[in-house]
Amino acid sequence: MFVQYSEAQRVFNVGDGTGWTTPQDSSTYQSWVSDNTFAVGDILHFDFQTAQHNVVEVPEQSYTSCTSANPIRTYTTGPVNVTLNTAGQHYYICSIGQHCTRGQRLAVNVSGSGLPPSAAVSPGANTTPPPPPSSPAATFSPASVAFFLFLSSFIVVLFGHHA
């Protein structure tokens, strides 16, 4: 018997009503992140006008210095959805003009499981993502194992064991 268990995917509108733009207050996106939690599989929705802004995923050093010299991914057509596929810190900036230095940058900490995800933002954070699982069995979350054990016990009780 095979049981599949998956967490619900959530979509976050970056900046909520502000969208992805050069903010009036340079702490706008830091405040937004602190109000949310993120897990693998969640989606960041960056709402911006093409040619006015972009989204560049960068390593921490590029985030801290507001440079797109070492881009991981670049999105130039807005709006765009970015799926958080791995746990750990993820960094995003707008590389147009001085937008990043004016606060148009985002750092999110993504939890590896859906139980409970955590969020953090700090420009100087030095968080290393956990290593990938060493075996397929390591990818099961505690919730999926508990669900499987409950279901197995229920089937044994329901149908009993007849020899």
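Asp 16 has a relative accessibility of 52% and therefore counts as exposed, the cut-off being over 50%. In this predicted model, Asp 16 belongs to the loop between β1 (11–13) and α1, and its phi is near 50°, a positive value in a residue other than glycine. The protein chain has 163 residues, of which 34% count as buried. The chain contains three helices and eight strands.

**Overall architecture**

- Along the sequence, the elements of the protein chain follow the pattern β-α-β-β-β-α-β-β-β-β-α.
- Among contacts in the protein chain with a separation of 6 or more, 71% are between residues 24 or more positions apart.
- Five strands form an open sheet in the order β2-β8-β7-β4-β5, and the pairing is mixed.
- The edges of this sheet are β2 (38–39) and β5; each has a single partner strand, so one side of each is left without a neighbour in the sheet.

**Strand β4 and its partners**

- Strand β4 covers residues 55–58; Val 55 and Glu 57 point one way, Val 56 and Val 58 point the other way, and all are buried.
- On one side, β4 pairs with strand β5 (residues 73–75) in the antiparallel sense, over three bridges.
- The pairing of β4 with strand β7 (residues 88–93) is also antiparallel and has three bridges.
- Glu 57 takes part in both pairings: its bridge partner in β5 is Arg 73, and in β7 it stands opposite Tyr 92.

**Second largest pocket**

- The volume of the second largest pocket is about 320 Å³.
- Its lining consists of 20 residues, and those nearest the centre of the pocket are Glu 57, Ile 72, Thr 86, Gln 89 and His 90.
- Two or more lining residues come from each of β4, β5, β6 (80–83) and β7.
- Strand β7 supplies the largest share of this lining, with five residues.
- Sorted by class, the lining of the second largest pocket comprises 10 nonpolar, seven polar and three charged residues.

**Nonpolar cores**

- The largest nonpolar core has 20 residues, and the members that touch the most others are Trp 20, Phe 38, Leu 44, Phe 46, Tyr 92, Leu 106 and Val 108.
- Elements giving two or more residues to this core are α1 (28–34), β3 (43–46), β6 and β8 (105–111).
- A second core is separate and has seven residues, including Val 58, Tyr 63, Tyr 91 and Ile 93.
- With neighbours within four places in sequence left aside, the contacts of Leu 44 include Phe 12, Val 14, Trp 32, Phe 38, Val 80, Tyr 92, Leu 106 and Val 108.

- Ile 93 is a residue of strand β7.
- The relative accessibility of Ile 93 is 1%, and the residue therefore counts as buried, for which the cut-off is under 20%.
- Not counting residues up to four places away in sequence, Ile 93 touches residues that include Trp 20, Val 56, Val 58, Tyr 63, Cys 66, Cys 100 and Arg 105.
- Gln 104 is another residue that Ile 93 touches; the two are 11 residues apart along the chain, and their C-alpha atoms are separated by 6.1 Å.

**Strand β6 and its pairing with β3**

- Strands β3 and β6 run antiparallel and are joined by four bridges.
- Val 80 in β6 stands opposite Phe 46, and Phe 46 is also one of the residues with the most contacts to other members of the largest nonpolar core.

**Backbone geometry in the loops**

- Most residues other than glycine have a negative phi, and most peptide bonds are trans.
- Ala 51 is not a glycine, yet its phi is positive, at about 75°.
- Ala 51 is located in the loop between β3 and β4, and it is exposed, with a relative accessible area of 68%.
- The peptide bond between Gly 78 and Pro 79 is cis, with omega about -10°.
- Pro 79 lies in the loop between β5 and β6.

Technical notes
Residues numbered from 1 in each chain as written. Predicted model: local features only at pLDDT ≥ 70, side-chain atom pairs only at ≥ 80, totals over all residues. Heavy atoms only, no water. Buried < 20%, exposed > 50% of the residue type's maximum accessible area, 1.4 Å probe, protein only. Pairing = 2+ DSSP bridges. 1 Å grid on protein atoms, 1.4 Å probe; cavity = no way out; pocket = protein on both sides within 12 Å on 5 of 7 lines; lining within 4 Å. Points joined across faces, edges and corners; volume = space filled by probe spheres on them. Nonpolar A, V, L, I, M, F, W, Y, C, P; charged D, E, K, R; others polar. Core = buried A, V, L, I, M, F, W, Y, C linked by side-chain atoms within 4.5 Å. Contact = heavy atoms within 4.5 Å.
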